[in-house]
Amino acid sequence: MDNSRLVYGRAEAEALVGSPARWEPLTGGSGVEIWRVAGPQDVRMFKLGVGVGAAKVAREAAVRALLEGLVPAGSRLPAQGWHGRGEDSAWLTVPWLNGPSMWQVFAPVRRRGERGNDALAAAVLTCVSVASVHQAGWVHGNIQPHHVILGPSGARLVDWASAWSPAENLPPMDVASGSPVHLASPEMLARSNRRPVYPTAADEVWTLAASIWWAASGRWPRDYRALAIDPSMFTETELAKVLVRYGTPLAPLAHWPELEAVLRYVLEAPAESRPTALDLTQHLCALRV
């Protein structure tokens, strides 16, 4: 751990978890570093943004404050001492969420082709959580299997930096900070040349179905082989242009055709008639393993 980067926020985090505090570095990226901070009083996630990452962390703190009490955003926030700014940096700390991610729950489906009740339940709970966000007038903006934590109280979403609501004076971040291009709806890709990109609930339902597809197969839902391209050879902007121009068929999900049929129904529907997150929940509940 680079202690020099933790001048700001460290004392506040350790006051919440108690002493001695154990700092465990986790995977971050794009100017953001993340730690699991454990002490005798609490276990918390600590996120520090430096340089370009500072805006992301500061925005996530603003979103979480606005969402408090509206949706299961992942934690209850203390009255003070949970976020702040430093010189060219921003930090926040929220309670640690125990439980596997949706990606982890779907591991047996990806590796062995199993059709598990645990995986199906994880998908249902994730849809319920996303539906609650949409019903509150918000869009999460960065749905993917690694951003869903399954616990006793259901599915909790993490990484709220890209969330936005048309009712709030908080414009969305650039599309590059949200879900990968591989998980973006066709109509959102068509709008991606304009900044900022305003994701809709319909966009997010496409991303939700694509995320479940990815978790179940380990592959992107779009069949890049059909286009004879390697998506890793393109920047996100270039790949978005290719997808808008040529489109891409869906790859098969052969080991779970019933799940494929439900997800394909969502992914192939036009935006104006696309099922909602609650509709997808009901379709998934109707599946039997």
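## Helix packing, a covered helix and some loop residues

In this predicted model, the crossing of helix 9 over helix 10 is right-handed. Helix 9 covers residues 257–267 and helix 10 covers residues 277–285. The two pack at an angle of about 165°, and their axes lie 10 Å apart. An angle over 145 degrees counts as roughly antiparallel, and helix 9 and helix 10 are therefore roughly antiparallel to each other. On the helix 9 side, the contact is made by Leu259, Val262, Leu263, Tyr265 and Val266. Helix 10 contributes Leu280, His283 and Leu284. Sorted by class, the residues of this contact are 7 nonpolar and 1 polar, with no charged residues.

Helix 10 also packs against helix 5, which runs through residues 117–135. Here the angle is about 160° and the axes are 8 Å apart. That value makes helix 5 roughly antiparallel to helix 10. The crossing of helix 5 with helix 10 is left-handed. From helix 5, the residues that take part are Leu120, Ala123, Val124, Cys127, Val128, Val130, Ala131, His134 and Gln135. They meet Ala277, Leu278, Leu280, Thr281, Leu284 and Cys285 of helix 10. This contact divides into 12 nonpolar and 3 polar residues, and again no charged ones. Leu280 and Leu284 of helix 10 take part in the contact with helix 9 and in the contact with helix 5. An α-helix has 3.6 residues a turn, so residues three or four places apart point the same way.

Helix 2 is described here by its length and its cover. It has 16 residues, 52–67, and reaches 24 Å from its first C-alpha to its last. That is close to the 22 Å expected at 1.5 Å a residue. The buried residues of helix 2 are Gly53, Ala54, Val57, Arg59, Glu60, Ala61, Val63, Arg64 and Leu67. Strands are part of what covers them, including strand 2 (32–38), strand 3 (43–50), strand 4 (83–86) and strand 5. After helix 2 comes glycine 69, with a positive phi near 90°.

Strand 5 (89–95) also leads to the next site. Serine 101 sits in the loop between strand 5 and helix 3, the latter being residues 102–105. Serine 101 counts as buried because its relative accessibility is 8%, and the limit for buried is under 20%. Apart from neighbours within four places in sequence, serine 101 is in contact with Pro145, His146, Val148, Ile149 and Leu150.

Most residues other than glycine have a negative phi, and most peptide bonds are trans. Serine 19 and proline 20 are joined by a cis peptide bond, with omega at about 5°. Proline 20 belongs to the loop between helix 1 (10–17) and strand 1 (22–29). Aspartate 159 has a positive phi, near 60°. Its loop connects strand 7 (154–157) with helix 6 (186–190). With a relative accessibility of 21%, aspartate 159 counts as partly exposed. Alanine 228 also has a positive phi, near 55°. This residue is in the loop between helix 7 and helix 8. Alanine 228 is exposed, at a relative accessible area of 70%, and the limit for exposed is over 50%.

Glycine 218 is likewise in the loop between helix 7 (201–217) and helix 8 (236–246). At 39% relative accessibility, glycine 218 counts as partly exposed. Which residues does glycine 218 contact, leaving aside its neighbours within four places in sequence? They are Trp103, Arg110 and Trp213. The C-alpha atom of glycine 218 is separated by 9.3 Å from that of phenylalanine 106, although the two residues are 112 residues apart along the chain.

Proline 186 and valine 244 are 58 residues apart in sequence, but their C-alpha atoms are 6.8 Å apart in space. Leaving aside neighbours within four places in sequence, proline 186 is in contact with Trp206 and Arg222.

Key:
Residues are numbered from 1 along each chain as its sequence is written. This is a predicted model: local features need pLDDT of at least 70, side-chain atom pairs count only at pLDDT 80 or more; totals for chains, interfaces and linings use all residues. Side-chain values use heavy atoms; hydrogens and water are left out. Helices (H or I, at least four residues) and strands (E, at least two) are DSSP runs, numbered from the N terminus. Buried means under 20% relative accessible area, exposed over 50%, partly exposed in between (1.4 Å probe, protein chains only). Contact means heavy atoms within 4.5 Å. The expected span of a helix is 1.5 Å times one less than its number of residues. Axes are lines fitted to C-alpha atoms, for helices over the stretch in contact, and angles run from 0 to 180 degrees between N-to-C directions. Angles under 35 degrees count as roughly parallel, over 145 as roughly antiparallel, 65 to 115 as roughly perpendicular and the rest as oblique. A crossing is left-handed if the near helix is turned anticlockwise from the far one by less than a right angle, and right-handed if clockwise. Ala, Val, Leu, Ile, Met, Phe, Trp, Tyr, Cys and Pro count as nonpolar, Asp, Glu, Lys and Arg as charged, and the others, Gly among them, as polar.
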